[in-house]
Structure formats: C-alpha cells, structure tokens
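Please look through the sequence and the model below before reading on. The paragraphs that follow go through the helices, the residues between them and the pocket.

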Amino acid sequence: MTIRLHDETRERAIASIKTYFEERFEEEIGGLQAQMLLDFFLEELAPSIYNRAVADAQKFIQGQVIDIDATCFEPEFGYWKKGKR
C-alpha cells in the first residue's frame, strides 16, 4: 500500500522540509530535493508509522468491544425480583 498525500498536504510538507533545513542546518535545499526526501520518508518510514497507528486503533476498539457487555447490558425479567407489585 502506497501512502499518498493530498496535493495541498504534500506542498505544505515540502515547504516544511525546506524550512527545517534552513533553520536547523542554515542550508537551503531546492523543491526537488525536498520532494525527493518526502518521497523517501513516505516510502521508507510511513508504513511503519501507519502500521503502528492501525495496531493502536485495533487495540483500542477491541478493548471497547470486550467491555460492551458491562457497558450495554440490561438485566432481563427483573420485574418480579423488585418485590411485590
């Protein structure tokens, strides 16, 4: 699965990479260099981050499903147990 960014997000990421290099390394990099670095990150690192996020979401949802009996349970046929009417 290739992770793709919306065009606006991609442009903002490229601008952010360029700013990072200017502020951290006092070096200007071109748009093509920033784009290639972003592409590398998306191909090499993003799948690990994505997979971790999916695993975290699964763990959270499974925890909620396990607790559904306690959260969404109503005793049945309790009218007569409450006392004489």
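**The helices and the pocket of a predicted model**

In helix H1, the buried residues are Arg10, Ile14, Ile17 and Phe21, where buried means under 20% relative accessible area, exposed means over 50%, and partly exposed lies in between, with a 1.4 Å probe and protein chains only. Because they cover an arc of only 55 degrees around the axis, they lie on the same side of H1; the arc is that of the directions from the helix axis to the C-beta atoms. This is a predicted model, in which local features need pLDDT of at least 70 and side-chain atom pairs count only at pLDDT 80 or more, while totals for chains, interfaces and linings use all residues. Residues are numbered from 1 along each chain as its sequence is written, and side-chain values use heavy atoms, with hydrogens and water left out.

Helices, which are H or I runs in DSSP of at least four residues, and strands, which are E runs of at least two, are numbered from the N terminus. Helix H1 takes in residues 7-25, and its 19 residues reach 27 Å from the first C-alpha to the last, close to the 27 Å expected at 1.5 Å a residue; the expected span is 1.5 Å times one less than the number of residues in the helix. On the face of H1 turned away from its buried side are the exposed residues Glu8, Glu11, Arg12 and Glu23, whereas the buried residues of H1 pack against H2, contact being defined as heavy atoms within 4.5 Å.

Arginine 10 is a residue of helix H1, and it counts as buried because its relative accessibility is 18%. Leaving aside residues up to four places away in sequence, arginine 10 touches Leu5, Gln35, Leu38, Asp39 and Leu42.

Which residue just after H1 takes a positive phi? It is glutamate 26, with a phi of about 50 degrees, and this residue lies in the loop between H1 and H2. Most residues other than glycine have a negative phi. Glutamate 26 counts as exposed because its relative accessible area is 73%. Phenylalanine 77, found in the segment after helix H4 (68-71), also has a phi near 50 degrees, a positive value in a residue other than glycine; at 76% relative accessibility, phenylalanine 77 counts as exposed.

Buried in H2 are Ala34, Leu38 and Leu42, and they are on the same side of H2 because they cover an arc of only 75 degrees around the axis. The cover over these buried residues of H2 includes H1 and H3, while the face of H2 turned away from its buried side carries the exposed residues Leu32, Met36 and Glu43. Aspartate 39 also lies in helix H2, and at 31% relative accessibility it counts as partly exposed; its C-alpha atom is separated by 15 Å from that of isoleucine 49, 10 residues apart along the chain.

Helix H3 (residues 46-66) holds alanine 57, which is partly exposed, with a relative accessible area of 38%. Alanine 57 and isoleucine 3 are 54 residues apart in sequence, and their C-alpha atoms are 18 Å apart in space. In the loop between H3 and H4 is aspartate 67, partly exposed with a relative accessible area of 39%. Aspartate 67 and glutamate 26 are 41 residues apart in sequence and 53 Å apart in space, C-alpha to C-alpha.

The last topic is the largest pocket. On a 1 Å grid over the protein atoms alone, a pocket is an open set of points with protein on both sides within 12 Å along at least five of seven lines, and lining residues have an atom within 4 Å of a point. The largest pocket holds about 160 Å³ of space, and it is lined by Met1, Thr2, Ile3, Arg4, Leu5, Arg10, Asp39, Leu42, Glu43 and Pro47. Helix H2 (residues 31-44) gives the most to this lining, with 3 residues. By type, the lining has 5 nonpolar, 1 polar and 4 charged residues.

Conventions: On a 1 Å grid over the protein atoms alone, a cavity is a set of points where a 1.4 Å probe fits but cannot get out, and a pocket is an open set with protein on both sides within 12 Å along at least five of seven lines; lining residues have an atom within 4 Å of a point. Grid points are joined across faces, edges and corners, and a volume is the space filled by probe spheres set on the points. Ala, Val, Leu, Ile, Met, Phe, Trp, Tyr, Cys and Pro count as nonpolar, Asp, Glu, Lys and Arg as charged, and the others, Gly among them, as polar.
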